[in-house]
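Hello,

Here is the structure we talked about. Please open it first, then read my notes alongside.

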Amino acid sequence: MTSELDIFVGNTTLIDEDVYRLWLDGYSVSDAVALRVRSGILEQTGATAAVLQSDTMDHYRTFHMLERLLHAPPKLLHQLIFQIPPSRQALLIERYYAFDEAFVREVLGKKLSKGTKKDLDDISTKTGITLKSCRRQFDNFKRVFKVVEEMRGSLVDNIQQHFLLSDRLARDYAAIVFFANNRFETGKKKLQYLSFGDFAFCAELMIQNWTLGAVDSQVDDMDMDLDKEFLQDLKELKVLVADKDLLDLHKSLVCTALRGKLGVFSEMEANFKNLSRGLVNVAAKLTHTKDVRDLFVDLVEKFIEPCRSDHWPLNDVRLFLNQYSASVHSLDGFRHQALWDRYMGTLRGCLLRLYHD
Amino acid sequence: MPGKLKVKIVAGRHLPVMDRASDLTDAFVEVKFGNTTFKTDVCLKSLNPQWNSEWFKFEVDDEDLQDEPLQITVLDHDTYSANDAIGKVYIDIDPLLYSEAATVISGWFPIYDTIHGIRGEINVVVKVDLFNDLNRFRQSSCGVKFFCTTSIPKCYRAVIIHGFVEELVVNEDPEYQWIDRIRTPRASNEARQRLISLMSGELQRKIGLKVLEMRGNAVVGYLQCFDLEGESGLVVRAIGTACTLDKLSSPAAFLPACNSPSKEMKEIPFNEDPNPNTHSSGPSTPLKNQTYSFSPSKSYSRQSSSSDTDLSLTPKTGMGSGSAGKEGGPFKALLRQQTQSALEQREFPFFTLTAFPPGFLVHVGGVVSARSVKLLDRIHNPDEPETRDAWWAEIRQEIKSHAKALGCHAVVGYSESTSICEEVCILSASGTAAVLNPRFLQDGTVEGCLEQRLEENLPAGCGFCHIPYDELNMPFPAHLTHCYNCRKQKVPDVLFTTIDLPVDATVIGKGCLIQARLCRLKKKAQAEANATAISNLLPFMEYEVHTQLMNKLKLKGMNALFGLRIQISVGENMLMGLASATGVYLAALPTPGGIQIAGKTPNDGSYEQHISHMQKKINDTIAKNKELYEINPPEMSEEIIGSPIPEPRQRSRLLRSQSESSDEVAELDLSHGKKDAFVLEIDDTDAMEDVHSLLTDVPPPSGFYSCNTEIMPGINNWTSEIQMFTSVRVIRLSSLNLTNQALNKNFNDLCENLLKSLYFKLRSMIPCCLCHVNFTVSLPEDELIQVTVTAVAITFDKNQALQTAKTHAEKSLQRASTDNEELLQFPLELCSDSLPSHPFPPAKGWSKHLESASSNSGIPAAQRAVTVEKASPVGEGNFRNRSSPPCANSTVGVVKMTPLSFIPGAKITKYLGIINMFFIRETTSLREEGGVSGFLHAFIAEVFAMVRAHVAALGGNAVVSYIMKQCVFMENPNKNQAQCLINVSGDAVVFVRESELEVVSTQQPTANCQPACAGGEVTT
């Protein structure tokens, strides 16, 4: 006796969250059954392995049919074939677009191209995430990217509107799209200690302040591309380190203000010129696409690592960066106050986030 | 020109890409009705076209309006080659033809293609203007309402229940026409879909005409089926119960209405033959012999000569049965005569209803069934489907005679079915013999003192169990005792019925699903030899199915079966029998004895030990089941019940006591000899197997109950969470071990595993009950068995379940005293709907409603009068009805589907019309669509979607009495092909949640009843 055909169709589509997770994680039916058996479900329900097999197959088939709709979530809402309560629809979409931290760190900032897709086997081996799941996550990134590129308006809003994601997840996707578009290097060994959250945080700040959208909300890709004019202007900041008087004045202003407040005052005083040069040079280099990509490598090399080697506490870093930014306003010879604020405001936020072990 | 059909094509969405080059589609729409076709403009390069067409107007006869479906075809425009069809939508416009149903059909319909499935959606608006007085047109029957529900629909009252209507139409199956060799599968499928749609329209119209002839206005329990006879043609047949219904919500319209039926009543030509197509009339034996005499040539009727002699005795029994009653004897006799006279003039006193207005069902005799094996031949003249009509007439006659043998003049819970394999066809009919109260059959409005007094005399909760036949002249041997409830009348020891459990029946504990499963191998044979072989096997199968049912019932410690449905399916090399029913413990019937097993060789010690071990296991199982189903009847000593009836008891020693009393059993008694029903004799390994299989049935996991009736006895607090589902399994038998035993085991495992899977899948709904579990078995190919299950899972509140029915009733009464009229009726109705053990003492239903309604002093006199007349078990206030639409609108989107006639926690406010849909799906890329499972899974999901879309377009939010009547699946994996035909039906309704009702009632309380409204606000 063999089962030729075995199906269950409910008027309301049954969604088993546990099986959905197994499916999303890319397990085959037999692996999923084995995992479910291990979870002790047979003992809890008194079911047999055959029942579990049939149930798993059914759910997998349903998910397979739903997958086509999940590629364009608004379709899932309007389609008539599966009757699914709105809360469940939201869950299906949210989980489908959720991604693994380990995976996203591997592809963040990479071009979402066929080439990268070929590397997914390696990523799968490295992260222990099934190839199937890697493909789904990669395709999700790519799909979102394709839909929202060349679109007008806020990136997060666009993603939310076209993929019906939660605010949190839409922001994450905005970061992924932003990184993929600007190809920021995140894979260097030096950057391994950073989490996706760190990068997403920086991406959000950069989108808010450094993109076209920060000045004009009526252009295509306003949140994806950095404001070229702004990057050009950043060269003007060079004067802060090139002009020796200005540099000394800046240093004395900061040192006066922070004397007695900083645990690492002497180290700061000794390193001030190096640090300032680092930060300003990063700005000045951003005209070249290549250097834009290395932004995070540079920040870590030029600022984070020197501070960390001197064991600056986070609070001291904050006090220093605040004072360092603010003191520029008292430099009479410096004319690019607004530019400085736009640059430093974002950079300060990023650095503080990136400064950890 | 009595009707103008208007159609507007608004827009499309999610269309498939038809032009690979542009990834877009140039779509336009053809709207066809009858022979007229309109086209929209082409909407270039869009997957979401906005046509916003003008109104396409069709001027048509109302006959066509009833027969023809509206056909909408979406196409992709192609300048150089032929336009490609994207898909079609068939819209049945019947619901627009009667005033109380839908007024407009408007919404998104899935665009369906028989090869590709659903391909996008189209938004359509359809309206109908009817011009003339419809009654003048006899060819059409516009205005007759159809309900699939097998009880009086919730917002109606039955004025008269006229009786049985049937009709069948035949045609050539397009799939088998010569042209099919040269046309595409798509064209062939569409021709078939269209033809069946046309035929069901025609059938419905013809049935409607018969109803009008009977002066009815509705068909309840409408069941339409297709027989795919292959080469010999396509038969569409339908049965139903003609009624005159009154809408409960319009008191103004009610008063004149209540006069007219009584006037009409006198004019009603009861003797008028409701079935002009059939030549037979009246239950005369000569006719029977006549049919029998010509049958050997072509038809293999299963009836044996012994049954014929049995039947010839029956009129005597029927007439003499009036003496059975002691209490209220004269009234009863009078009633009997009345009923008889009303019923005897009908050709077939059959009712497809399974639940009845209170007081309608007086006594139940038992299950009657008949089967006959026929050889199919080509239908030569589709306009004269005489052969098929004659076949059914023959079977119905047999049923009628059996009912008479049981002292009953009516058959309720009646249904018909067929099973076809190649050119052999088994026709089956079954029902429950019953004695009915004539009131509803003639005139529902006259409530003379006679009826009133009768009703008071009828014992509550047990009346229907009392035997309708004469105990001295019993049609079959039965073990009678005095009723355990009223202790006055006689009752049988077990009762088998095809109806739902009457709401007033007193039940102890909970019920459960009981199934008997059986396979029999049969030699492959051709034509007549094959038919003979099947005919010979049938009696043994029926006998074994009954024995299995009886044993399983005893094992559960129960004494009655409801909703019994025995299905015998025929295949190439085997027959399958599957009986499903809901077992209960009726308080009126005696406690069932245990099961005793006896060995043949009592001297063998080890054997003896084995037997006693088995016996112990059986006893343990019975005890466990009693606990599980909470069966603890009050202890009652024999003396209290009254002296046992000595004579029948003695007889029962000699004869098998089998009170389900269908004819087969009566026939088979001889062969069964002198065994006691409760003794299982183990004389060979087969018998051993049987006992083992009895014990292998596993009870559902805790928290689960199941039944195949509408409501589960003993559970009354349903929550609103329901899940309807269809599950299909096909197994392939390995041809090596094909013995009866192995087959039985395979089949048993298949059903048990299927149930286990259902319990597992629905575990999140615990505590929950699977209601209306409907199994169908078919044998699509040599070694394939297909089982299809449709049921609904309903969650219930465990805590409230502990409350007794009594407190529930008290609560509702308390509320009633403070509530206004509408709110009063509501809890009452709840009780009668969902409480199997009715809270009220004896005379309930009708008269009780009157009492409680009139005792409410808050109601003004005039209004009370209306209430009194309107009060019925499904009483409903007009107030709620009027305010329902805004509520209904808020829930549009989700469409509930259920095989039940009600929706728990909600009130049905409007019936929008019948849904009857037929779909074919075919694929030539089976593997690519996920194999057979993927293919069928997608198709069933699509069918659900199309049903929901049609209901939503009618303005409804649920389908009740939903049934999947056919699911024919054929595959050819070698060719990578599969085809499936599905036929579903149900009633589209609008329901309103109870919680919403109460909100509404506080919002506009003064609209309808000024003085009593204050109370309503207090309670909500």
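Start at B:Trp178, which sits in the loop between β10 and α2 of chain B. Helices (H or I, at least four residues) and strands (E, at least two) are DSSP runs, numbered from the N terminus. B:Trp178 is exposed, with a relative accessible area of 63%. Buried means under 20% relative accessible area, exposed over 50%, and partly exposed in between (1.4 Å probe, protein chains only).

A word on the source. This is a predicted model: local features need pLDDT of at least 70, side-chain atom pairs count only at pLDDT 80 or more, and totals for chains, interfaces and linings use all residues. Residues are numbered from 1 along each chain as its sequence is written, chains are lettered from A and ligands numbered from 1 in the order in which they are written, and side-chain values use heavy atoms, leaving out hydrogens and water.

Now the sheet. In chain B, 4 strands form an open, mixed sheet in the order β9-β11-β12-β10. Two strands pair if DSSP finds at least two bridges between them. β9 (145-146) and β10 (156-171) of chain B are at the edges with a single partner strand each, so one side of each has no neighbour in the sheet. Helix α2 (residues 185-213) of chain B packs on this sheet and touches β9, β10, β11 and β12 of chain B. Contact means heavy atoms within 4.5 Å. Strands β11 (residues 218-228) and β12 (residues 234-247) of chain B are antiparallel, paired over 9 bridges. Within that chain, B:Leu223 has B:Ile239 in β12(B) as its bridge partner.

Next, salt bridges. Each is a side-chain nitrogen of Lys or Arg within 4 Å of a carboxyl oxygen of Asp or Glu.

What does B:Glu167 form a salt bridge with? The partner is B:Lys210, with the closest N and O atoms 3.6 Å apart. B:Glu167 lies in strand β10 of chain B and B:Lys210 in helix α2 of chain B, so the pair ties together parts 43 residues apart in sequence. B:Glu167 is buried at 6% relative accessibility. B:Lys210 is buried too, at 4%.

B:Lys374 and B:Glu394 form another salt bridge, with closest N and O atoms 3.2 Å apart. Both residues are buried.

In chain A, A:Asp248 and A:Lys273 meet in a salt bridge (2.9 Å, N to O). A:Asp248 is partly exposed at 29%, and A:Lys273 is partly exposed at 24%.

Best wishes

Definitions and conventions
Axes fitted to C-alpha atoms, helices over the stretch in contact; angles between N-to-C directions.
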